[in-house]
Amino acid sequence: MERSFYQFALKYRGKLDADDYSRFADAMFLDHSFPKTASDFEWLSKYVEEKAHPVMKASTFDEMWDEYMGS
């Protein structure tokens, strides 16, 4: 089974020296309405742009998505 973007992004949580990826992952983890099982770019991108916490920047999502697709 392919892991969802949420499962992929969790590996960036909890860095002592926070960066954009870890801030995104931490905010995503605390967002109880984040689509945790989704693996569709359009669905997730729309959520990040319209409903996500401001820490979850669309540009960071795009970079993380590229890495997710390469994994």
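This is a predicted model: local features need pLDDT of at least 70, side-chain atom pairs count only at pLDDT 80 or more; totals for chains, interfaces and linings use all residues.
**View 1. Helix H3 packs against helix H4.** The axes of H3 (residues 41–50) and H4 (residues 58–70) come within 9 Å and cross at roughly 155°. The two helices are therefore roughly antiparallel to each other. The crossing of H3 past H4 is right-handed. From H3, Phe-41, Leu-44, Ser-45, Val-48 and Glu-49 make the contact; from H4, Ala-58, Phe-61, Asp-62 and Trp-65 meet them. By class, this contact has six nonpolar, one polar and two charged residues.

**View 2. Arg-13 pairs with Asp-26.** This is one of four salt bridges found in the whole structure. The closest N and O atoms of the pair are 3.5 Å apart. Arg-13 sits in the loop between H1 (5–9) and H2 (20–30), and Asp-26 in H2, so the bridge ties together parts 13 residues apart in sequence. Arg-13 is partly exposed, at 36% relative accessible area. Asp-26 is partly exposed too, at 25%.

**View 3. Lys-15 forms a salt bridge with Asp-19.** Their closest N and O atoms lie 2.7 Å apart. Lys-15 is partly exposed, with 38% relative accessibility. Asp-19 is partly exposed, with a relative accessible area of 27%.

View 4. Salt bridges with shared partners join Asp-20, Arg-23 and Lys-57 into one network. Arg-23 counts as partly exposed at 37% relative accessibility. Asp-20 counts as partly exposed at 34%.

Note on methods: Residues are numbered from 1 along each chain as its sequence is written. Side-chain values use heavy atoms; hydrogens and water are left out. Axes are lines fitted to C-alpha atoms, for helices over the stretch in contact, and angles run from 0 to 180 degrees between N-to-C directions. Helices (H or I, at least four residues) and strands (E, at least two) are DSSP runs, numbered from the N terminus. Angles under 35 degrees count as roughly parallel, over 145 as roughly antiparallel, 65 to 115 as roughly perpendicular and the rest as oblique. A crossing is left-handed if the near helix is turned anticlockwise from the far one by less than a right angle, and right-handed if clockwise. Contact means heavy atoms within 4.5 Å. Ala, Val, Leu, Ile, Met, Phe, Trp, Tyr, Cys and Pro count as nonpolar, Asp, Glu, Lys and Arg as charged, and the others, Gly among them, as polar. A salt bridge is a side-chain nitrogen of Lys or Arg within 4 Å of a carboxyl oxygen of Asp or Glu. Buried means under 20% relative accessible area, exposed over 50%, partly exposed in between (1.4 Å probe, protein chains only).
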